[in-house]
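Thank you for making time this morning.

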Amino acid sequence: DRDGRRIATASVDGTIRVWNADGSGEPVIFRGHEGNGVWWPPAWAPDGRRIATVRSDATVRVWNADGSGEPVILRGHDGVLKSPLWSPDGRRILTISDPNTRGVSTARVWFADGSSLQGNQYETLRNALPLYDATRIETLDWQGINLRVESQGPDKNPLSIQARVIAQLRQRDFSVIFDDDGKGEAADIVAIRSVDEAGEQSQIEVELYHCKFAHGGVPERRIDDLYEVCGQAQKSIAWASSADKKTELFTHLLRRDALRVQRNQATRLEVGTKEDLLTLRDMSRLLPVAFKIFIAQPGLCKRNPAPEQLSLLSVTQNYLWETYQIPFGVIASLDVRTGLDERQARQAP
């Protein structure tokens, strides 16, 4: 990538690998080109969050560089492609094909929603999903919150986005609210409750919240503010993949809190106790566990979202529902007048 910290490689076996340049750790492996080897180097997006690859079947794939989610597949060429090129703002990709059987090369410019421009002809994405319904976006009052600060940290920074979402969740009837932020997280916030029907416990509900700061400190029509957090939402469905995995989530939370406390830091439990988690883990072996996944991005403005933002939200919603029938929710800002002003943000911790 541009920072020189990671290297992306392509192989004739159809796999893509992203390595740490210092040789540490294991590579992230991307599969999907099997049967059609990758003949050109992957191309990094300017922000280092995505890579684009081409293969011999004339398709382009755009991946999240951290391995989360599924690739966006771009089709439209009829000849072998050369290595793709990103625009400086990361919103467009240029691809050029070798001459086809008629001796004609083609160039296409691809946009964020999968549509493309060939010559002067604009082609919309085939079978494109409808845009996410902006009326479904929930909003919070972010007044006084530093929209550049995502995590509350062990010191419980009250001006962070995460702290604001936790404060909102405290008003509901969750048995456990857990701060899972950090490397290896299931989500930034995990909220859990048991549901009673006719006086008997019928299921456990788990809500995963993924928070993201606003790059400019104010709501804007920036699709970059959504790429990473939508990828995190897609990746977290792994916890719903099996009954054992659902129960493992509670073990994960217990382990994470124990490690935090061992470091003489504040517990990760915002609501509830260790005993509550143990009880819920036992219940998860007997009762259905239902998931909901949310993203919280105050950089998204409900009153004036960009079509590219709504398209990405639609793709994420569709992926969660088609994979494990998991409902998807979005928390954003109502308009651009939210959070700390510039002076306050500079002075905030």
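This is a predicted model: local features need pLDDT of at least 70, side-chain atom pairs count only at pLDDT 80 or more; totals for chains, interfaces and linings use all residues.

Let me begin with an open sheet of seven strands, whose order is S13-S19-S18-S16-S15-S14-S17 and whose pairing is mixed; strands here are DSSP runs of type E with at least two residues, numbered from the N terminus, and two strands pair if DSSP finds at least two bridges between them. At the edges are S13 and strand S17 (269-271), each of which pairs on one side only. Within the sheet, strand S14 (residues 176-179) pairs with strand S15 (residues 189-197) in the antiparallel sense over four bridges, and Ile177 stands opposite Ala191 in S15.

Residues are numbered from 1 along each chain as its sequence is written, and side-chain values use heavy atoms, with hydrogens and water left out.

Now to the aromatic rings. Rings of Phe, Tyr and Trp (its six-membered ring) pair if their centres lie within 6.5 Å, with planes under 30 degrees apart counted as stacked, over 60 as edge-to-face and the rest as tilted; by this rule there are three aromatic pairs. One of them is the edge-to-face pair of Phe30 and Trp63, at 5.3 Å centre to centre and with 65° between the planes. Because Phe30 lies in strand S3 (residues 28-30) and Trp63 in strand S6 (residues 60-64), this pair ties together parts that are 33 residues apart in sequence. Both Phe30 and Trp63 are buried, meaning under 20% relative accessible area, where over 50% is exposed and in between is partly exposed (1.4 Å probe, protein chains only).

Another pair is Tyr132 with Phe328, whose ring centres are 6.1 Å apart and whose planes are at 75°, so this pair is edge-to-face. Tyr132 lies in the loop between strand S12 (121-123) and strand S13 (138-139) and Phe328 in strand S19 (residues 328-333), so the pair ties together parts that are 196 residues apart in sequence. Tyr132 and Phe328 are both buried.

Finally, which strand holds Leu85, and is this residue buried or exposed? Leu85 is placed in strand S8 (residues 85-86), and it counts as exposed because its relative accessibility is 52%.
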